[in-house]
Amino acid sequence: MSSRDPQRQPVAGWLFITPMLVILGLFLAAPIVMALWVSVSDWTGRGSPFISEVNFVGLRNYQDLLAQDGLSRQDFMTSMRNTFYYVLGVVPAQTVLALTLAVIVNQKFLRGRTFFRTAFYFPSVVSSVAISLVFLFLFTGTGAVNQFLGLFGISGPNWFADSRGVLHVLGDAVGVWDVSAPPAFLSGTDVLSLSLWEWLSGPSVALSAIMLQVIWTTAGTFMLMFLAALQDLPTEVDEAAMVDGANTWQRFMNVTVPHLRPTILLVVTLGIIGTWQVFDQVYVMTDGGPSKTTLTPAYLSFQTAFTNLDLPSGAAIAFLLFLLIFALTQLQRFVLRDRDEARQRRAERRQRREQRTTRTRSTTEVSA
Amino acid sequence: MSTTTEEPRARTESTSAVGERDTSVKKMLVYAALAAFAIIYIYPFVIQLVTAFKTNSDAVENPLSLVPDPFSLDAWNRLLETQFPLWFTNSVVVTLFVTAMRVLFCSMAGYALARLKFFGRDTVFTVLLALMAVPGIVLLIPKFLVINYLGIYNSYPALILPLAVDAAGVFIMKQFFEQIPPSIEEAARIDGAGPFRTFWSVVLPMARPALITLTILSFQGSWNELGHFIIATNDSSLYTLTRGLASLTSGGLGSGNQYPITMMAGLLMTIPTAIVFVFFQRYFTQGANTGAEKG
C-alpha cells in the first residue's frame, strides 16, 4: 500500500531523472571538473590527463594570461580588447534596432504586420553558418554592399581583409592623430602587453562587418521581447498624454520607454552575456584575422587548445571567460533585483505617506 | 482597426486638424522605415537564392543583380559530387536522434521535478539551475576532454549523446507540468495506474503544446549547432552540414571563392529550417519568450 502513497515516489522519481543525470553529469558536470584540473596541469594532450606524469602547476597557466608579459598575454588581451569594442558596438545597436522594429511592427494601421514580423525574426532561427556564408559574399571587396555604396560615390573597404581600427581611422580623419605616425606617448606606453595606441584602436573594419551581421541577426529575437512588452502597454496612459497634447515622439519617450524599462534592461544584459561568447562567426569567416583583430576569447581558447595543442592554456582561457560571464550574470541579477526592491520600497513609502495625510486630514476635518 | 485608434484624437476638437496631418505624416514615415528594413532583411536571402543559380563569374561581376545570367545548375551538380549529401544525411540522423532523446528525457525529468516527490529533488533542481547558467561556449574544450577520455571521439555517439539532454528543455517541461491540475493524475492513480503509466498515458498526451515547442527548439538547436560538432569529430565523413559548410570558406570541396557553391549549400541547409519555421512559427515565438522569462 505504501508504494501507492501519493506523497512518496522515491524510486519512480529517481528513475525518471536518471537519463538527465547521466547525460548532464557526463557531458556537463564532469567536463567542468576535468577542465578545471587540466587548466592547472602541464598535460601535453597525450594519453589520459590523470596519469602520474601529469603535474600540478598551480596557477601558472592563468599567470601567463594575466600577469606574465609574453605572447599568451598579448593574444589574450587583444581578444579582450576586440570583444570589448564588439560588445560596446553590438549591444546598444541591436537594442535600438530591436525596439525600432518592434514599434514599427506594432503599428495598428499597418497591413501585413505578421509578414514583416516573420521577416525580421527569420534570421534568428537560421544557422549562423549559413548567414555567415551569405555575409562573406555580400561584404567581399567587389560585393553587393560595396556596389551599393558605390551608387552613392562611396568606395567601400575590403571588409574582411581590413585590419585598420575604426577609431584610428576616425581620429585620423578629424585630425586627432596621424595613423602613419601615432603619438609617441600612446605607442610607447604599454599596458598589459598592448600599447595604449593598440588599446585605443576600436573595432577593426573586419570586426565591424561581423558586428553588422550579428546586429542584423539577433535584433529579431529581442524584437519579439519588446513586442510582448508593447502589447501590455496600458492604452489609457498613452491616450491621456495624447489628450494633453503630447506629440508622438514625446509620448514615446515619456510613456512607452519608461514602461519598457524592465524589458530594455533584460535585453541589454542578455545581449552583453551573449556577445561575450561570440565564436561561430569568427570560426566560419575570419579565423581571428586579419592581424588578430577578430580574435575573441572563445575563439582564442579554441585555437590555443586545438591548433596550438596547448589544452591547459585553452582551458584556462575558457575558465577566465566563464568567470567574466558569471560576474556579468550576477550583476544582471543584482541590477534586476535591486530595481524591484527599490520600487517596492518606494510604493510602501508612498502608501505610508498617503495613510498619514489621510489620517491628518480626517483629524482636521473632525476638529473643524 | 485604424478607426478605433484614431477616434479619441478626432474627438478633441482643438487638435483634430493637427492630429490628422500628424497621423498621415506618421503613417508615411512608418511605411518608409518599414520598406527600408524589409529590404535590409529580405534582400540578403534573395541574393543568396539567386546567386545559387548563377555562374561564378556572373556572381562576382553582378552581385546585386536579381537575374542569373546565364541560369546555371552548376553549383547544384558540383555539390552532389562532393561529400555534401553525406553531411546532409548526417545532419538529419543527428537531429532526429537528438530531438527524440531530448523530448523524451526532458519531459521525464521535467515531470519528476514538477510532480513526483522524492528525496533530493530540490537539490537536483538547484544544481540544474546552476548548470543552466554555464555558457555553452566555455564548455567546448571540457566536453572534448571527456569525449576523448571516454574513447568515443569521431563517432555518432559523440555527436549525439552530449546534446541529448538540455537543461533549458527540462526547465520548460517542469514549468508546463506544474500547470496541469493534479486531480487528473489522482484519478489515474485511483484507477490503479503507477507513475510510469500515469506519465505515459495520461500526462504526456496532455502536454502536446509543450512537447511541440520542445521538439521545435531541439530541432533548431541541433540542426544549427556548430561548436559541439567541431570538437566531437575531425573526420569529414562524420561532418554535419554546419561543420561541413564552415570548411567551405577555407576552400573545402575545392570551393575557394566559388560563391554559387557556398550560396547553394547554405540555401539547402536553410530550407528545412524555413519549412519548420513557416508551419510552427507560434512555437518559435513561445520558445523565445520562455528564454526571456528564464533570463
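Lys174(B) is buried, with a relative accessible area of 13%, a value that falls under the 20% limit for burial. This lysine belongs to a predicted model, in which helix H9 (residues 167–179) of chain B contains Lys174(B).

**Surroundings of Lys174(B)**

- The charged end of Lys174(B) is placed over the ring of Phe125(B), at 4.1 Å from the ring centre.
- Apart from neighbours within four places in sequence, Lys174(B) has contacts with Gly110(B), Leu113(B), Ala114(B) and Phe125(B).
- Between Lys174(B) and Ser107(B), the C-alpha to C-alpha distance is 7.6 Å, although 67 residues separate them in sequence.

**Chain B as a whole**

- Chain B has 16 helices and 0 strands.
- Of the 295 residues in chain B, 51% are buried.
- Among contacts in chain B with a separation of 6 or more, 71% join residues 24 or more positions apart.
- The accessible surface of chain B amounts to about 13300 Å², and carbon and sulfur atoms contribute 64% of that area.

**Annotated spans in chain B**

- An unreviewed UniProt entry lists "transmembrane region" for residues 29–53, 86–113, 125–150, 156–177, 198–219 and 259–280 of chain B.
- In the model, residues 86–113 of chain B are 100% helix and 0% strand, with 40 Å between the end C-alpha atoms.
- Residues 125–150 of chain B are 69% helix and 0% strand, and the end C-alpha atoms of this span are 27 Å apart.

**Aromatic pairs**

- Over all chains, the structure contains 42 aromatic pairs.
- One of them joins Phe16(A) and Phe199(B) in an edge-to-face arrangement, with 5.0 Å centre to centre and 90° between the planes.
- This pair crosses between chains: Phe16(A) is in helix H1 (residues 10–39) of chain A, and Phe199(B) is in helix H11 (residues 195–206) of chain B.
- Phe16(A) counts as buried because its relative accessibility is 1%, and Phe199(B) is likewise buried, with a relative accessible area of 3%.
- Another aromatic pair, Phe115(A) with Phe116(A), is also edge-to-face, at 5.2 Å centre to centre and 75° between the planes.
- Within that pair, Phe116(A) is buried, with a relative accessible area of 16%.

Note on methods. Residues are numbered from 1 along each chain as its sequence is written. Chains are lettered from A and ligands numbered from 1 in the order in which they are written. This is a predicted model: local features need pLDDT of at least 70, side-chain atom pairs count only at pLDDT 80 or more; totals for chains, interfaces and linings use all residues. Side-chain values use heavy atoms; hydrogens and water are left out. Rings of Phe, Tyr and Trp (its six-membered ring) pair if their centres lie within 6.5 Å; planes under 30 degrees apart count as stacked, over 60 as edge-to-face and the rest as tilted. Helices (H or I, at least four residues) and strands (E, at least two) are DSSP runs, numbered from the N terminus. Buried means under 20% relative accessible area, exposed over 50%, partly exposed in between (1.4 Å probe, protein chains only). A charge sits over a ring if NZ of Lys or CZ of Arg is within 6 Å of the ring centre and within 35 degrees of the ring normal. UniProt positions are given in the numbering used here, feature names are shortened, and annotations may be inferred rather than shown by experiment. Contact means heavy atoms within 4.5 Å. Accessible areas come from the Shrake-Rupley method with a 1.4 Å probe; for residues, only the protein chains shown count as cover.
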